[in-house]
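Here is a short report for a reader new to this structure. Look over the sequence and the model, then read on.

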Amino acid sequence: MKILVVEDSRYSPASLQHYVEHFGATAVCAANGAAAIELYEQHRPDLILLDLTLPDMDGLALAGRIRAIENGGEWTPIIFLSSTGQDDDIEKGIAAGGDDYLLKPISEIVLGAKIRAMQRLVLMRASLLSLTRKLDAANQELTRISSIDNLTGIVNRRAFDEALSVEWRRARRHSNPVALLMCDIDYFKLYNATFGHQAGDKCLRQIAATISRHSERPSDIVARHGGETFAVILAETTIGGALMVAEKIQQGVRDLDLHHPASPTGQVTLSIGIASAAPGFDNPPDDLVLAAEKALYRAKHEGRDRVCRADAA
Ligand SMILES: Nc1nc2c(ncn2[C@@H]2O[C@H](COP(=O)(O)OP(=O)(O)OP(=O)(O)O)[C@@H](O)[C@H]2O)c(=O)[nH]1
């Protein structure tokens with residue numbers, strides 16, 4: 001334990017330092033406020049013993065300065081040393097950010113007891129801080145896990161809804177369009193029936209990776225929207241831009257050359273519905289989803305393995 005001892009050494013030569021070291025702690029000594037601040041910044045002690053009367057500044061003011069320097073969540077116990085022990089002094093000391101006080105001349109036994117008590121608090125606080133940090137990390141991991149689809153590793157429907165809503169509001173602020181792609185694997189039921197569920201899962205992972213690879217901008221968000229349906233949010237993208245991305249994705253899937261004998265093309269293909277809209281105050285993001293879904297439905301209806309566009313309201 002490191003203790004910063006701040007007192008005018010002219011009046012109590014080295015005795016406090018002696019006591020502190022007697023308790024197995026390391027003493028760092030300052031004879032005035034300016035030196036105390038410097039040593040505090042340099043050593044970040046575990047405890048401060050602070051005389052109320054210093055040659056260059058008031059002990060109360062120094063306590064306030066130290067509290068102002070501490071980082072958020074940091075807290076160094078301060079014990080004031082008072083020669084009067086008047087209620088007023090004590091009250092002011094605690095109000096200035098102190099935690100306890102000691103009456104001068106200092107009793108070695110009382111000092112030892114207070115150091116032990118503060119040490120307990122410091123240890124408790126450190127373990128609380130470490131627990132809080134672990135809890136924060138666990139919470140972050142939980143949030144990450146709860147937004148990821150287990151099978152494909154891309155974001156899930158819940159995170160998609162959230163992301164679209166955030167993007168929608170951002171686009172409204174900047175008067176930008178938002179585009180949405182709804183990509184659905186053709187005849188996937190038959191794929192599962194032909195090759196089994198495990199092969200179906202593998203196919204879903206490959207399609208997710210291919211869609212992600214061709215959604216190149218950092219702001220593009222690829223999500224698993226449902227069983228074999230994937231959604232792509234494209235920020236600041238018009239219907240023309242969305243069409244280009246959709247065609248790249250389709251080509252990427254064709255290039256995978258996944259054998260699908262039950263499909264008329266003999267390959268795994270995608271049908272894609274695209275929509276783009278400029279968010280206003282009276283068109284919710286659901287309208288964009290609906291428009292892209294309608295376009296996807298048309299792509300299916302018109303024979304699959306194609307991109308259909310719709311203009312959202
Ligand atoms: N292997 C696997 N299959 C899934 C998963 N989620 C959904 N499916 C299957 O995806 C199939 C989707 O079938 P449908 O909605 O009839 O669509 P489709 O057979 O692709 O036909 P179209 O979309 O009209 O071309 C169903 O058989 C689901 O069981 C999954 O996580 N893994």
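## Around the ligand

By class, the shell around the ligand holds six nonpolar, four polar and seven charged residues. Here Ala, Val, Leu, Ile, Met, Phe, Trp, Tyr, Cys and Pro count as nonpolar, Asp, Glu, Lys and Arg as charged, and the others, Gly among them, as polar. The shell has 17 residues, and the closest are Asp186, Phe188, Lys189, Gly200 and Gly227. A residue is near a molecule if its C-beta atom, placed from the backbone, lies within 6 Å of it.

Which elements each supply at least two residues of the shell? They are β6 (178-185), α7 (188-195) and α8 (197-214). Helices (H or I, at least four residues) and strands (E, at least two) are DSSP runs, numbered from the N terminus.

## The model and the chain

This is a predicted model: local features need pLDDT of at least 70, side-chain atom pairs count only at pLDDT 80 or more, and totals for chains, interfaces and linings use all residues. Residues are numbered from 1 along each chain as its sequence is written. pLDDT is the predictor's confidence in each residue, from 0 to 100. The chain has a mean pLDDT of 92, and 97% of its residues reach 70 or more. Among the elements of the chain, strand β7 (residues 221-224) has the highest mean pLDDT (98) and helix α4 (residues 87-95) the lowest (85). The scores of the model are ipTM 0.93 and pTM 0.66.

Ten helices and ten strands make up the elements of the chain. Of its 313 residues, 35% are buried. A residue is buried if 20 or more other C-beta atoms lie within 10 Å of its own, exposed if 12 or fewer, and partly exposed in between; C-beta atoms are placed from the backbone. Two residues are in contact if their C-beta atoms, placed from the backbone, lie within 7 Å. Of the contacts in the chain with a separation of 6 or more, 64% are between residues 24 or more positions apart.

## Helix α2

In helix α2 (residues 33-43), Gly33, Ala36 and Tyr40 are buried. Seen down the axis of α2, these buried residues fall within an arc of 50°, so they line one face of the helix. The arc is that of the directions from the helix axis to the C-beta atoms. The buried residues pack against β1 (2-6), β2 (26-30) and α3 (59-69).

The other side of α2 has the exposed residues Glu38, Glu41 and Gln42. Arginine 44 follows α2, and its phi is positive, near 45°.

## Helix α9

The 18 residues of helix α9 (residues 239-256) should span 26 Å at 1.5 Å a residue, and its end C-alpha atoms are 26 Å apart, which agrees. The expected span is 1.5 Å times one less than the number of residues. Buried in α9 are Ala242, Val245, Ala246, Ile249, Gln250 and Val253. Seen down the axis, the buried residues of α9 fall within an arc of 140°, so they line one face of the helix.

What does the face turned away from the buried side of α9 carry? Gly240, Met244, Gln251 and Asp255 are the exposed residues there.

## The loop between β5 and α5

Proline 105 sits in the loop between β5 and α5. A cis peptide bond joins lysine 104 to proline 105, with omega about -5°. Most peptide bonds are trans.

Isoleucine 106 lies in the loop between β5 (100-103) and α5 (108-146). It counts as partly exposed because it has 17 C-beta neighbours inside 10 Å. Leaving aside neighbours within four places in sequence, isoleucine 106 is in contact with Leu16, Tyr19, Leu81 and Leu111. The C-alpha atoms of isoleucine 106 and leucine 81 are separated by 8.2 Å, and the two residues are 25 apart along the chain.

## Positive phi in two loops

Most residues other than glycine have a negative phi. Aspartate 257 has a positive phi of about 55° although it is not a glycine. It lies in the loop between α9 and β9 (270-277). Aspartate 257 counts as exposed because it has 9 C-beta neighbours inside 10 Å.

Arginine 304 is not a glycine, yet its phi is positive, about 70°. Its place is in the loop between α10 (285-301) and β10 (307-311). With 17 C-beta neighbours inside 10 Å, arginine 304 counts as partly exposed.
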